Structures are given as C-alpha cells and as structure tokens.
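Me: I'm new to reading protein structures. Could you walk me through one, step by step?

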Amino acid sequence: MHSPAPYPAARMRRLRRTRALRDMVQENGLGVGDLIWPVFIRDGEGVEEPIPSLPGVNRLSLDRLLPAAEKALALGIPAICLFPYTAQELRTEDCAEAWNPDNLTNRAIRMLKAELPELMVMTDIALDPYNANGHDGFVVDGQILNDETVDALVQMGLAQAEAGADILGPSDMMDGRIAALRAAMEAAGHRDVAILSYAAKFASGFYGPFRDAVGAGARLVGDKATYQINPANREEALACVARDLAEGADMVMIKPGMPYLDICRAVKDRFQRPTFAYQVSGEYAMLMAAAQNGWLDGEKVMLESLLAFKRAGCDGVLTYFAPRVAAALS
Ligand code: PBG
C-alpha cells in the first residue's frame, strides 16, 4: 500500500470537506442490484401475518406475495428467496412434503415465473420447514443422517427446478450435497439452474427469529452443531467454500453476516468467486429493536450495515431490509 506523505502535506480531511469530494473518492457502494429479498410464505388467502420477532416482516399468502414481488421488481430488486411456513399436518418424519411438486414453495415459484419472469427466484433446500423435529436432515436415534438426507435434498431441488427456480440455495450443511445436486440437475436437463451454496454457514444464535417465522423454533430438538460450522472456525469455513466450489456451486454464501465479515473478506480474497452474505433474522431484529426504541437511527444503520458487506468483498446480500433499502436508494 502506498503510504501518504506525513502531515501537513497530507491532510486526510482535505477530501472529506464536501459531500461532492467524499462521493468522488468513495471506494464502495451499495446498489439495489446487490439485494436478494428473503420472503416468508404461507397458505391461505389475503394473509399478511406479522412475525413478532421480525418487526415489519410478514408471512404472506401467495395472493399477497405477487403484488409484493411486483413492487420489489419495480424497485429494481433482482431476486427473491422463498421460505415456507408449512402447515403442521404436513410436517412429518419422512419430510415428504419437501419434494411434493405442488407444495407451497413450488406453487409460489410457478406463479412468480409465470407473472414476473424477470424476477429471479431463489429457493431454500433443507428439510427443517417439513420436519417434525425442526432439523435440516433426517433424524434417527438422535443422529442427523447425512447421505439419506442428501438423497432427499436432491428430490427437493429437482422439484424446485422443475417448477422454474432460477437459483437453488442449499442451506442444510450436509456433506456432498452440492455435487449430488449438480449431477442431478445436469442429468435432468436443468443445466442453467444456478446453485448459491450456503457454504460457510455457522451454528449461530442469530437464526432465532427465522425459526419462529418458519415455525421450526419451538420444535427444534437439540441444536445444529453437528452440521453447521463452529463460530470459532475460520479455516474450516474456507475449506467448506473450497469444497462447495469444487463440487459445482456457482456462488457461495457466508451466514450470518455482520459478525462474520472477516470470513467474507477471506472468501473473496482467496476464491474470487461470486460471494454473498446473509444478514440473518437476528441481525435484522437487533437493528430493528434498537431503532424502535429510539436508540439507533434505523435508516442509517440499515444502510451502513449493508455497505459493510460490500466493503468486506461481497457481491450481494440477502436481507429482510431489501424493499426498504431499495426505496431508500431510489
Ligand atoms: C434453515 C435455514 C435457516 C436460515 C435459513 N435457512 C435457519 C437454521 O439453519 O436454523 C436462517 C435465516 C435467518 O436467520 O434469517 N435451513
């Protein structure tokens, strides 16, 4: 790095003097094209159901999803990511609803691709919204089965691709799922379906409000530490990213976001591939709670927290703030 001349030849404040100067030398920027909007869906009609731990976020029935998605697209948001709240009676130990071609997610994908073909639709691949016990994989005698789960995830991904999904988001952290999904997509003729792998997904306390939103929180037995990464481990996270890229992931994700910006930077520097962060539910809830109490300026910290991802090397961010950010940037 070039070091500036010593004071007073270099006065760092010289370029901070006016807004125009600051803008001229700004190194990173947040654009609406960087945003992926995670949305919770549920069955029914005319439903916009608030989620208490995620202020401002609702579970939407499909008839309410459509105008919301239309608005997002009009604001310039390129992609939305669907998370289903599954009816209780459809949550079973065999998780069969996950690969039902007519499940809620697959119906939503078909509707969105028919009505708003330019809006990219991303999915979540994991068993937790369909599992009686809240885990991302099959559980037998308290163990999460890896290979059996991967087979089920492939069925789930195939049904989503068949429905028209643009981007698959495996969030389960089983070993070998990217290779299995990629091979299945090739074999089924879905060659252009992209995979955004939740590659560096940590066993985090920041997912709490999400688990409320999909109704998996109260039923979760134990924790996810046998498949998600220990928050203490950086080299292991990088190894997971290397492995997922080698297995055929097109893009990789770091999750959560804000407490893991060092991982974002390391992933971008080392692999130089499309890199995303998920500003997860707990991060959103934290900022919203402080803003609602008047302790922080909500708009300001929203934009600052998202810009930080760009500075850390991310190409884009999944965030519940997406529509608000898009409105603020327009
Ligand atoms: C589950 C999944 C989780 C999130 C996305 N997919 C939760 C978990 O792993 O328990 C969390 C997203 C968020 O907190 O916003 N497969």
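Me: What share of the 330 residues of the chain count as buried?

Reply: A residue is buried if 20 or more other C-beta atoms, placed from the backbone, lie within 10 Å of its own. Here 45% of the 330 residues qualify. This is a predicted model, where local features need pLDDT of at least 70 and side-chain atom pairs count only at pLDDT 80 or more, while totals for chains, interfaces and linings use all residues. Residues are numbered from 1 along each chain as its sequence is written.

Me: Which residues of helix α11 are buried?

Reply: Helices are DSSP runs (H or I, at least four residues), numbered from the N terminus. In α11, residues 322-329, the buried ones are Ala322, Val325 and Ala326.

Me: Which residues have the most contacts inside the largest nonpolar core?

Reply: A nonpolar core is a set of buried Ala, Val, Leu, Ile, Met, Phe, Trp, Tyr and Cys residues joined through C-beta atoms within 7 Å. The largest has 99 residues, and Val39, Phe40 and Ile80 have the most contacts inside it. Helix α4 (residues 146-163) gives the most to this core, with nine residues.

Notes. Buried ≥ 20, exposed ≤ 12 C-beta atoms within 10 Å, placed from the backbone. Helix = DSSP H or I, 4+ residues; strand = E, 2+ residues; numbered from the N terminus.
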